[in-house]
Amino acid sequence: MGQRFYDTATGAIRDFTPIVDGEVSIYYCGATVQGKPHVGHIRSAVVFDILTRWLEYAGYRVTLVRNVTDIDDKILTRSAESFDPEFTPTDDYPASEPWWALAYRFENAFAAAYAALGVRRPTYEPRATGHIPEMIQLIQRLIDAGHAYQALDGSADVYFDVKSWPAYGALTHQSADNMQDAEDAPTRGKKDPRDFTLWKSTQESDPAGASWQAPWGAGRPGWHIECSAMATKYLGRHFDIHGGGLDLRFPHHENELAQSSAAGDRFANFWMHNGLVTAQGEKMSKSVGNTVSPEEMLSMARAGAVRYFLGQAHYRSQLDYHPAALEEAQSALERIEMFQARAAALSSTPVGLDTVPEQFSRAMEDDLNVPEALAVLHATVRAGNSALDAGDSEAVMTYLSQVNTMVEVLGLNSAAEGDDTGSAAHRALEALVDAQIAARAQARQRRDWATADAIRDQLAAAGVVVEDAADGVTWSITEPKA
RNA sequence: GGUGGGGUGGCCGAAUGGUGAGGCAGCGGCCUGCAAAGCCGCGUACGCGGGUUCGAUUCCCGUCCCCACCUCCA
């Protein structure tokens, strides 16, 4: 069939052909680091992580760039507030924190969340503040081309001239004339309320470190320009895929497209947008007050389960969170892991990676149909379990290597699990549990079921699950079920 | 007002003009001292009203409802 992706700009699923044979260049929007990560950020990262892993498995060399926007109004405002004598510090926002310290602190929080969920590092992660010259250059090209202008009020503000660009609205299929004017759209110095800021002149209240010299005066970049500048710097003026959350389509991506194409760049070949995370059908957002943070999710379930949950729906569908969702994801994941563990125990050498089943590939090629791919994974697990029960080790090994490969492509084995099996505490636990299991084995030999069951119940109450398999007794630690 | 996406069995969530994924939960069976895990089987879903068709959940028309975006947003 060949690889196909849905492209927001054309509104259709199209055959994917890389610009350079065998290579794929991807840019997707990371965070504006003004606060802690939201699950939506993480879902987006998981989606593009799966995309990258799949393309690499399929033999492409992938260059993945994800931005860190570390300068914007909110970052400066948050920082300024922290210096206010009346400011009440919180865990998330300490007092007297410079804007760059605040931005970097949250950048680290994002990195930690990505790592915890097995999101691999991109090829490069450029920061906006490190690319001011590139942005100034791009703005100058737009002014020279007649698609941007210095503010009419004489300030150093520079705006993109929406009316000068008839294709404006192409990405989201809207005509600029039909757009609702924002009630609070600042119009100072603008020719048209829809014109958006490329360069924002330095205000008196701005900290000195947040100001850069430009031909039209001191200032700092507007919100959208950094992505245009950084995407083309690292991926070229024409690259394969630009991604991000659905809510970035407008205005962020629309503006990026307008800027870059008005400057003469071809920009992205495909625009891929992931669906939003909802709770009871409504977008999770701070204003609605229905958010569940990645931190909270990680405290409720294993990292692998959170990763499974965030990745299980089709990337373009909205993903609905409900209280039992993580527990369900964990059960599904454990089913896979249980097979891997049982099957691996049959072989004295580690079982490597193989190829994925044909149907799995077909699903992934079809606009990254992960739900379908997961169905193939589960079918393979079932076939593997049957082979295990039938004692067909050769078949078991084939299924195991396929499962291992699919798990790797989906990144389900990569989430941090806080492995402490080597710790002193774990060794102590092991000795105690083993002693109990030995006592239970003696009781079972005497056919003293009451004693055997009492020992098992006692361990279970402590979170240690004992299971009798044909080839011996195993135990594992689980989260107590609520 | 404009643009886009939806309404699928108890829950989540795919595909599809005809033999109706998958997971979770549930029920029955096998296995087990009992469990657990695993395997087998079961439940017969597609917002509503029309139309096209031999046949529609899938296509068309109408209608109701939900969600997202329209310069903070993953």
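In this predicted model, T69 in strand 4 is the bridge partner of T32, where strands are DSSP runs of E with at least two residues, helices are runs of H or I with at least four, and both are numbered from the N terminus. Local features need pLDDT of at least 70, side-chain atom pairs count only at pLDDT 80 or more, and totals for chains, interfaces and linings use all residues.

**Strand 3 and its partners**

- Strand 3 and strand 4 (residues 61-69) run parallel and are joined by eight bridges, and two strands count as paired if DSSP finds at least two bridges between them.
- Strand 3 also runs parallel to strand 9, to which three bridges join it, and in this pairing Y28 stands opposite G243.
- Eight of the ten residues of strand 3 (residues 23-32) are buried, meaning that they have under 20% relative accessible area with a 1.4 Å probe, counting protein chains only.

**The surface near RNA strand B**

- Among the 57 residues around RNA strand B, those that come nearest are W223, G245, L248, K283 and S317, where near means that a heavy atom of the residue lies within 4 Å.
- Helix 11 contributes the most to this surface, with eight residues.
- Of the RNA strand B atoms within 4 Å of the protein, 62% belong to sugar or phosphate, and the rest belong to bases.

**Polar atoms at the RNA**

- A polar side-chain atom of S317 lies 2.3 Å from a phosphate oxygen of RNA strand B.
- A polar side-chain atom of D453 is 2.7 Å from a base nitrogen of RNA strand B.

Terms used:
Residues are numbered from 1 along each chain as its sequence is written. Chains are lettered from A and ligands numbered from 1 in the order in which they are written. Side-chain values use heavy atoms; hydrogens and water are left out. A polar contact is a pair of N or O atoms within 3.5 Å; within protein, one must be able to donate a hydrogen and the other to accept it, and residues adjacent in sequence count only if both atoms are side-chain atoms. Buried means under 20% relative accessible area, exposed over 50%, partly exposed in between (1.4 Å probe, protein chains only).
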